[in-house]
Each structure stands twice: as structure tokens, then as C-alpha cells.
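Please read the following note alongside the model.

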Amino acid sequence: MRPEGRAANDSLYFSYPRFDAPAGAARRRLTAPARVAIVGAGPVGMVAALTLAREGVASVLLDNKDSFNDGSRAICIARSSFHILESVGAVAPFLDKALGWTTGRSFYRGTQILEFAMPDSPSEKYRPMYNLQQQYIEQYLWEAITREPLIETRWRSEVTGIAEADDGVTLTVRDPRETYTFRADWLLAADGARSPIRRMKGLRLKGENYEGRYVIADIRMAHDYPTIRRALFDPACRPGGTVLVHRQPDDIWRIDYQLADGEDEAEALREESVRASVAAVLSDLGETGDWELEWWSVYSANTLLLDDYRHGRVFFIGDSAHIVPIFGVRGLNNGLADAQNIGWKLAWVLNGRAGEALLDSYTPERRGATLDVFANASKSARFMTPPTRGWALMRDAALSLALDHPFAGQLANPRQMTPFTYADSPAVLPDDPGHAGGAGVNVGVDVGVGAALPDARVAGGHLSDRLGTGFALVCFDEALAAAVRDLPDAPAVVCLPPGSEAAAVLAAGPRAAWLVRPDRHVAARWTDASAGAVAEALALLTFRPVTVEA
């Protein structure tokens, strides 16, 4: 968890806007009922609001701050998150500004022991990972918010009370002018790791805290080193510790360095101490040029989560529901997936396109994703920050072995984020038995139910460009495509040639089909699909009764 960050007095590279509480005509609407209230205008809350708006659902977004979060904070945005940003109409400035990367290097006592490359290919529309400071992430999402008339934002507005009924929630809100109440049908709590909404509901996060603490610092330094993540184990500047280095836009470099056991945190966070520590890291890297300190904070690793992400009419998303270690870049990306997941489901329920039972799939899917993140991030956390002397001995032995045996260097591979597969979700259907054992019959992979649909090149762009905003059927048979298009409430239909790249990526037979949800996860698949099976699947997946003709 991080406290508030600190900025150097000469920090100039980003200008923070200042927002005020609603004024004028907007104040006359303060007590009007809302369909959805979202507490927290960080990246997760804004993506939730934009996802709802895409489906035509209005929301009220509240935050007690008067500007964006300061500093780089969450800087690594995964490919799956770029697809989410595209789905809410916000991706263009991210592509212009962010630095894409595929490669990481790990060093032990100054010697490189590993260079890894994340999976990438021309079939993918986006790169595996991008670096971008969080203040830019929030700025670009805010620009999308300002273009959306269905989103009302109330800055400097603190939620101080919540009363829940069977049909909605009533929020008490305090801003600089007055305290008032208003009612919402549903509430999304995106109010961060110290969530006041969670506290008001009497809920606690459960899990593990790790001993390791890291100071994170942004510095400005003109340099042409490529966008490659560097991890330094037991460097001379931090004996026994770990240092991470990331390049960011605007000549900003992010340096994370581990504090030693017993090192006083308050002393370590003094500006003079941060400058000295950063200088030592740069010296280890052989950097002798000028640099400027922009911002710094401190971080400790935790794996904590709620038992249930839904409590009545309240859904917890992002850090209010779970806190994950920084290692493996899963925190922000996991939160954006939460926002998209509950956003499209709640919108479909409110628009009458799905039954309310669809909302029961949010916790199994997203809590399951968090537990999967824990399993991976905990391995990284134990390697980056050994919790015991025994772990430290094993880690150091593996690193020493890697100096002469390259295979051991793979133990330092952080295995970056891939989307979780919702195989056991109530919002996917059982897999077609015909697909069992079929993986790899062509050049593709087994893309089963619950998995995120991989991308592929198609005429004029990529497969993901053709999926639309609702459910979509990907198939390779024109007769099937025509029959599905004639269905009432038909999904978007993407029919591609049997010899297309998409067919190869999916290892698809001529009558195979994949039904894809609005979040690009596979809801159902068939080896021999029919329009009737697709119609029945849509009814089951949206929890609404329909009559399916034979």
C-alpha cells in the first residue's frame, strides 16, 4: 500500500488541473436520483463510468480530491487493458504517449542473468505492455469523461454515509458548500485501498502482508536506453535488496528500490535520502549525466481481498476489493478488468437485456482473477522480497546458479499478466466436448470457454475491431452466419474464411464457432454450431427466458 506521494519543489513536467465541487445549475441536480453512483474518480472508477455510458447508462462519479493522483504510481498497462481503453473510446492518446515494450533484463550483482520477451506477434493489435505515468492515464480518461454527457462528475465531494435498501442506496455527501443526500439504484465503490465505503459497510480485507518496502521515485533524465524493464538483484547500491528501473515518457525514469530490514522509513523518505539513494542506483548503472528528482513515495507488498465483491446493491472494484503486490504489474490492470466486467453486466441488467442473476457472476469471475493474480504475484514477491532467511538463501542460490547456467535465470522471470480464464463462471456455458484434446490441430491454441479471445489479422484491421460492443459470434461458415443474423436480438456476426489467420489462431474447423461476450471473453463454443444453439446460449448467458424454435 502507498501513502500520499511527495513532489520535489522544482517538479514541472506535468501540470495538474484543479477541479471544484458542482456549482450553478449543477447544484440543483445534486439530490436527483441516479441509476448508478461511482465513488472514486481514479482510473478504475472512470473506466466503470465510461463502460456504463457506452451502453447508454448514466452515472454520477464522486471524488473527494480536486485533481488527479500525483506521480507515476501504476505505470504498466497490459495489452488486455488497451483493449478495454479502446472499448470505452479512450485509447488514442494512450497510443500516442505510452511506450510499448516486450523485453525485460535481470541482473545479479551487476551481471545479466536473464533476458525475457513477452509473447507478441503481428496478429496482435497491441503490444504486451506499455509504460505510462498514472497522471497521464487519469488525464486521458478524464478527457473521455468530459466528452460523455451521460457521466456527471462531482469533485471535492466526500461520501460520509451510506444507507442501503432493497431497491437502492442513499448516499450522504459533503462538499465545500453543503451536505446533502441522494439516492442511486446501484453503487460501485472504486475508492481505493483505504476505501471509506468498505469501512462504512464494516468489511475488512483478508490475506497476507509482506515485509518488503520499496521507495518509488520518478526522475527526469535524458537518455536513449530502450524501453526495457531492468531488475537488479543484490546490486552494490542496495546489498541484499532489489531495484527495478522503467523508462517512461517525457524522459522520466521510474526507479523502485527496496529498503533494508530495520531501515527507518521516515528517514528514507526525506528528500536528501531519496536523492542519495537514486544517485547510488544510477552510479551502479553507469549513468553520470544530470538528472532531476520529480516525485517519490513508498510501497509495501500485500495480497489482500474481500470475501465477496458484492454486498447487496454495492459492488467493490479495484483496490477497494483487493490489493496485490506491485510485482507483475497486475494492480491497475486487474482493477480495469473489474470495472469493465461489472460495467457491462450492470448496464445490460439496467437496460433490460439481461436478468439480475447475471450480476452474481461478478464475484466468482473477478475474485477468481484476484486469487490467480495472488498465486503469480506471490511467487514474484517472494523472489523479489524474500519473506524469511530460508527464502533469501534459496533465492540467492538460484541467482548465483544463473551466473553460469542460463536456465536458472528463468526463476527471475516475472511472467507478466495474461487475462484470467472464467472457466467456472455462471456466465459461461460448459465447453463443447468435441473441443477436448483438439488444441494444436492447426497452429493455434485451445481457446476455451472463459478465455479472452486472441486477436488475429483480418482484411482492414484486426479481429477485435469487428466484435462490436455486445455479444459477437465468430464463425467460418456463411450459412451459419446468415441463420444467426436472422435471430431476434442477434449478436454481431463475424464470418471469416476457413483458411484465414483467425481460423489458424483458433484452430477452428469449418463449422466451429465462438460466442464472445462484450468483454472479449469466450462465453460458449461449438465444433458444429447451429443458430438454435446460439440463440439458446444467449438466453442462458443473459439469464432471461426466450422461446427457441427447433
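The points below begin with the basis of the model and then take up selected elements.

1. This is a predicted model, in which local features need pLDDT of at least 70 and side-chain atom pairs count only at pLDDT 80 or more, while totals for chains, interfaces and linings use all residues. Residues are numbered from 1 along each chain as its sequence is written, and side-chain values use heavy atoms, with hydrogens and water left out.

2. Three strands form an open sheet in the order β4-β8-β5, with antiparallel pairing. Strands are DSSP runs of E with at least two residues, helices are runs of H or I with at least four, and both are numbered from the N terminus; two strands pair if DSSP finds at least two bridges between them. The edges are β4 (76-78) and β5 (99-101), each of which pairs on one side only. On average, neighbouring strands of this sheet are turned by 30 degrees against each other, direction ignored.

3. Within this sheet, β4 and β8 (residues 129-131) run antiparallel and are joined by three bridges. Opposite A78 stands M129 of β8. Helix α2 (residues 79-87) packs on the sheet and touches β4 and β8, its direction making about 75 degrees with that of β4. Contact here means heavy atoms within 4.5 Å; axes are lines fitted to C-alpha atoms, for helices over the stretch in contact, and angles run from 0 to 180 degrees between N-to-C directions.

4. Strand β23 (residues 472-475) is covered on both faces: A472 and V474 on one side, and L473 and C475 on the other, are all buried (under 20% relative accessible area, with a 1.4 Å probe and protein chains only). With β24 (residues 492-495), β23 pairs in the parallel sense over four bridges. The β-α-β crossover from β23 through helix α11 (residues 478-485) to β24 is right-handed, that is, clockwise from the first strand over the helix to the second when the strands point away from the viewer.

5. β23 also has four bridges to β25 (residues 513-516), and these two strands run antiparallel. C475 has C495 as its bridge partner in β24 and A513 as its bridge partner in β25.

6. The structure holds 19 aromatic pairs, counted where ring centres of Phe, Tyr or Trp (its six-membered ring) lie within 6.5 Å. One aromatic cluster is formed by F14, Y16, F82, F94, Y126, Y130, Y136 and Y140.

Note on methods. Buried < 20%, exposed > 50% of the residue type's maximum accessible area, 1.4 Å probe, protein only. Phe/Tyr/Trp six-rings, centres within 6.5 Å; stacked < 30°, edge-to-face > 60°.
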